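Work through the exercises below with the structure open. Each one gives a task and then a solution in steps.

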Amino acid sequence: MERKWWHDKICYQIYPKSFCDGNGDGIGDLAGIISKLDYLKDLGVDILWLSPIYPSPFADQGYDISDYQNIDPKFGTLEEMDTLLKEAHAREMYVLMDLVVNHCSDEHQWFQEAIKDPYGKYGKYFYIEKADAEHLPCNWRAYFGGPVWEPLPGHPDLYYLHVFHKKQPDLNWENPELRREIYDMVSWWMKRGLDGFRLDAIINIKKALPFKDYPADRPDGLCSIHNELHEAHGVGDFLGELRDEAFAPYGAFTVGEVFNEKDEELPDFIGENGYFCSMFDFSGTVFGQTQLGWHTFTDITPEDYKDCIFATQKRVSGIGFLSNIIENHDEPRGVSRYLPAEARTPAGKKLLAMTYFLLRGLPWIYQGQELGMENLKLNSIDEVDDISSLDSFKTSIEHGLSEREALDLIEKHGRDNARTPFQWSSAKNAGFTTGTPWLHVNPNYKEINLEAEANDPSSVFNFYKKLTRLRKDPAVKDVFVYGTFTPYLPEEKDLFAYVREYEGKKIYVLANYSSTPRTVKLPEGVTEILLDNLDSAVLENGSVTLQAYQGVVVK
Ligand code: TEU
Ligand code: CA
């Protein structure tokens with residue numbers, strides 16, 4: 001396999017609105033991010049992905065873009081973006097923006113022009129169909145609820161398609177003129193010095209045409225969008241063109257947000273000269289989900305999680321580099337999802353960190369994860385911002401759940417969990433802003449915050465630093481980057497263990513996801529502990545005893 005500059009990098013996702021507020025208006029911004037570059041460098045991360053910072057009406061927190069070639073004044077200016085790129089590069093760090101091109105905002109000029117002249121040039125940038133409320137072109141349900149069709153303002157006989165929110169009209173990728181427009185926009189950013197993109201919801205750019213109904217799966221008479229995604233063929237033609245026209249000429253680093261790819265497609269997506277450099281492994285994320293609503297979701301146990309990860313690592317072996325995550329801005333906090341309640345302790349959080357961080361693929365940290373930030377408790381639906389949670393609340397209530405039960409589901413699955421402000425210190429508003437934060441701070445910031453953890457050698461934060469340093473240690477780096485992955489004692493319940501091997505060097509990760517201590521037999525020749533989340537293990541007589549939720553990395 002040809003070595004690429006990004007193979008050995010550690011990545012970090014910033015949700016700008018909630019990271020650091022530089023000017024006291026309660027909203028995180030570019031100035032805030034720039035002020036924390038040294039912090040990120042010291043943590044040991046190389047590649048930064050910024051969730052969208054383009055001008056936006058914020059119907060979906062910036063994932064509804066009204067101008068692709070500018071910065072929203074809430075976040076700063078283009079000049080500040082240039083400064084961020086310069087300052088990051090000076091620290092040998094790389095910056096990715098979010099490429100949200102399945103849809104734009106209804107306030108984007110393209111859509112405004114389409115409203116003026118639906119049959120003109122810009123009307124063809126979207127999916128606009130003749131229809132009426134009783135006869136929509138198809139019965140697909142939008143990701144955020146309701147039909148995907150919305151009347152085109154001022155044209156009672158015309159409807160436009162939006163697979164997400166109605167303020168996010170879908171762009172028509174079948175139109176070569178639209179595609180050219182996107183490639184030029186990407187090139188413009190790359191020439192400005194950007195290092196690449198994370199590709200939002202990218203599988204959705206190909207629709208199964210012509211529009212048709214699928215069997216309804218809820219009382220609303222609509223059907224999950226997954227029906228058509230399953231039948232939509234040919235997304236690869238768009239993605240290959242996007243790569244060749246917009247990414248390859250600039251050597252862009254790209255990571256795709258891809259759900260439901262088929263096994264046989266993996267080499268096309270992330271193999272040698274794939275559409276993307278990498279894509280996220282969502283196998284743990286989607287575990288236990290159904291299309292019927294959050295009330296039908298089941299929890300993931302450590303054993304389930306292990307099965308997901310082992311299966312993925314096997315699937316992708318020899319093909320390419322996945323991006324490994326335990327959370328992002330759409331998901332609950334990883335420690336709240338993957339750890340049993342009893343293990344939501346610094347020890348348990350470190351165990352989870354160790355387990356996923358040393359897998360094959362690029363390790364990603366989502367902001368605040370390095371502190372062990374947790375899900376948010378809710379008292380009322382009025383506290384909720386996330387449109388996905390608001391939709392699920394409606395569905396839950398319609399389904400007969402009590403308000404409290406519906407809130408419990410949001411506490412578990414809602415997107416605000418990851419979007420509360422970064423907890424910098426125990427000062428007011430967790431040191432995130434001197435103003436009023438746009439979204440409430442998690443009240444646990446008094447205990448969980450960077451200031452306290454930086455001073456505590458045994459903190460979750462300092463453990464993440466140990467992990468980044470271990471992955472970069474020249475003595476073992478190739479094992480973690482290029483080594484094979486093989487499950488170790490996979491049949492032992494609640495033992496999450498594997499071996500990474502490169503050119504005869506073997507490193508074992510042994511993690512006890514159980515409240516009962518256990519003795520694990522070590523392979524011959526294992527003599528050294530590289531990392532231990534409790535700093536207490538001893539290797540003797542060819543075995544190691546792991547306490548409850550203890551894990552070690554040994555070689
Ligand atoms: O998410 C795309 C996605 O496929 C959704 O299913 C996502 O998991 C869902 O919103 C969770 O409720 C991306 C972005 O990451 C998300 O923040 C945006 O809302 C969405 O695209 C639309 O741009
Ligand atoms: Ca601000």
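**Exercise 1.** Sort the shell around ligand 1 by residue class in this predicted model.

Solution. Begin with the count: ligand 1 is surrounded by 17 residues. Finally, name the closest ones, which are Asp-60, Asp-200, Asp-330, Ser-388 and Arg-415.

**Exercise 2.** Find side chains with an N or O atom 2.9 Å from an oxygen atom of ligand 1, then state how much of the accessible area of ligand 1 the protein covers.

Solution. Start at Asp-200, where a side-chain N or O atom lies 2.9 Å from an oxygen atom of ligand 1. The side chain of His-329 also has an N or O atom at 2.9 Å from a ligand 1 oxygen. For Ser-388, the distance from a side-chain N or O atom to an oxygen of ligand 1 is 2.9 Å. On its own, ligand 1 has 490 Å² of accessible area, and the protein covers 89% of that.

**Exercise 3.** Which residues coordinate the calcium ion (ligand 2), and are Ile-27 and Asp-29 buried or exposed?

Solution. List the donors: Asp-21 (OD), Asn-23 (OD1), Asp-25 (OD), Ile-27 (O) and Asp-29 (OD), at 2.3 Å. Along the chain they follow the spacing D-x1-N-x1-D-x1-I-x1-D. Now apply the cut-off for buried, under 20% relative accessible area. Ile-27 is buried because its relative accessible area is 12%. Asp-29, at 4%, is therefore buried too.

**Exercise 4.** How far apart are the centres of domain 2 and domain 3?

Solution. Locate domain 2 at 109–161 and domain 3 at 483–554. Taken over C-alpha atoms, their centres are separated by 56 Å.

Methods: Residues are numbered from 1 along each chain as its sequence is written. Chains are lettered from A and ligands numbered from 1 in the order in which they are written. This is a predicted model: local features need pLDDT of at least 70, side-chain atom pairs count only at pLDDT 80 or more; totals for chains, interfaces and linings use all residues. Side-chain values use heavy atoms; hydrogens and water are left out. Domain bounds come from an automatic or database domain assignment. Donors are N, O and S atoms within 2.8 Å of the metal (3.2 Å for Na, K and Ca); water is not among the atoms, so sites may look incomplete. Buried means under 20% relative accessible area, exposed over 50%, partly exposed in between (1.4 Å probe, protein chains only). A residue is near a molecule or strand if one of its heavy atoms lies within 4 Å of it. A polar contact is a pair of N or O atoms within 3.5 Å; within protein, one must be able to donate a hydrogen and the other to accept it, and residues adjacent in sequence count only if both atoms are side-chain atoms. Accessible areas come from the Shrake-Rupley method with a 1.4 Å probe; for residues, only the protein chains shown count as cover. Ala, Val, Leu, Ile, Met, Phe, Trp, Tyr, Cys and Pro count as nonpolar, Asp, Glu, Lys and Arg as charged, and the others, Gly among them, as polar.
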